[in-house]
Amino acid sequence: MEFLVLLIMIIIIYFILRFVFEFNIKKLKEISENKELDEIAQRYPENIEICKYYLKKLNNESVKIEEDKESNSTLYLVMSNKIFIANLKESYTRIQTIAHECLHSIQSKKLLWFNFIFSNIYLIYFFLITILTIFKVLPYKMLFLSVFIVFSLIYYAVRTYLEMDAMIKARFLAKEYMEEIEISEQEEIDKIIKQYDKLNNLGIKFTNYKFLSNIFWKIIILLLIFVIF
């Protein structure tokens with residue numbers, strides 16, 4: 001009975017958070033698409049050149065860079081100390097996106113490694129207790145659920161810090177870059193930065209909501225399984 005009550009409470013909180021965070025992926029996509037700004041951004045160097053400029057500016061030139069034009073994901077991997085750049089050439093967002101990943105590369109290596117290791121432990125723990133419950137061999141369900149919630153809080157705290165830190169600073173790094181290389185007029189730079197501000201305003205809320213949503217769905221799945229089995 002207690003699991004059913006918890007399940008109802010979690011679902012209610014989930015929808016309240018969805019409303020509070022004003023989750024609107026359609027609006028986020030609309031802001032990220034701007035033909036005028038795309039044309040301005042295409043005058044800038046290739047993605048790898050931009051990335052090298054940022055890394056030099058951040059005194060972190062040991063990072064390896066790889067561009068994959070077939071990929072849709074741009075990310076920094078601490079395991080290989082490498083930035084993977086997706087097919088961003090056509091979008092004005094690329095100047096900030098590359099800055100974001102370069103900023104990840106100078107974050108605390110302890111935190112980055114902890115995030116990588118703990119994220120995997122967190123997922124393994126989730127799948128393990130799910131399987132054990134289905135096979136009816138999991139004792140003290142409430143205890144294991146409590147541990148999972150504590151793990152979720154740790155995961156959320158570390159992951160959101162890393163993302164928010166890079167997202168907030170990337171806007172300023174991108175602005176500095178555009179002003180330093182003097183390809184665009186200040187008016188054009190201001191237009192891009194203004195759009196970045198709109199994008200980040202929604203993007204930060206969306207990122208927070210996304211991480212919370214992933215956690216809530218895992219808890220909901222666990223509670224459903226606990227109720228059924």
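The model is a predicted one, in which local features need pLDDT of at least 70 and side-chain atom pairs count only at pLDDT 80 or more, while totals for chains, interfaces and linings use all residues. Residues are numbered from 1 along each chain as its sequence is written, and side-chain values use heavy atoms, with hydrogens and water left out.

For the terms, I note that on a 1 Å grid over the protein atoms alone a cavity is a set of points where a 1.4 Å probe fits but cannot get out, that a pocket is an open set with protein on both sides within 12 Å along at least five of seven lines, and that lining residues have an atom within 4 Å of a point. Grid points are joined across faces, edges and corners, and a volume is the space filled by probe spheres set on the points.

The structure holds one cavity of 30 Å³ or more. I listed the lining of the largest cavity as Phe-21, Glu-22, Phe-23, Asn-24, Ile-25, Leu-28, Leu-202, Lys-205, Phe-206 and Tyr-209. Helix H2 (25–32) and helix H8 (186–228) are the elements that give two or more residues to this lining, and the largest share, four residues, comes from H8. Sorted by class, the lining of the largest cavity has seven nonpolar, one polar and two charged residues (Ala, Val, Leu, Ile, Met, Phe, Trp, Tyr, Cys and Pro count as nonpolar, Asp, Glu, Lys and Arg as charged, and the others, Gly among them, as polar).

I then turned to the largest pocket, in which about 1400 Å³ of space lies. Its lining has 42 residues, and of these Thr-74, Thr-97, His-100, Glu-101 and Glu-163 lie nearest the centre of the pocket. Two or more residues each come from H2, strand E2 (75–77), H5, helix H6 (109–134), H7 and H8, and H8 gives the most, with seven residues. I recorded 17 nonpolar, 17 polar and eight charged residues in the lining of the largest pocket.

**Elements.** I noted eight helices and three strands in the chain (DSSP runs numbered from the N terminus, with helices being H or I of at least four residues and strands E of at least two). From the N terminus on, the order is α-α-α-α-β-β-β-α-α-α-α. The C-alpha trace of the chain spans about 65 × 35 × 30 Å along its principal axes.

**Helix packing.** How do helix H4 (residues 47–57) and helix H5 (residues 94–104) pack? I found an angle of about 45° between H4 and H5, with their axes 9 Å apart (axes are lines fitted to C-alpha atoms, for helices over the stretch in contact, and angles run from 0 to 180 degrees between N-to-C directions). H4 and H5 are therefore oblique to each other, since angles under 35 degrees count as roughly parallel, over 145 as roughly antiparallel, 65 to 115 as roughly perpendicular and the rest as oblique. In their contact (heavy atoms within 4.5 Å), Asn-47, Ile-50, Cys-51, Tyr-54 and Leu-55 of H4 meet Arg-94, Ile-95, Ile-98, Ala-99 and Cys-102 of H5. These residues divide into eight nonpolar, one polar and one charged.
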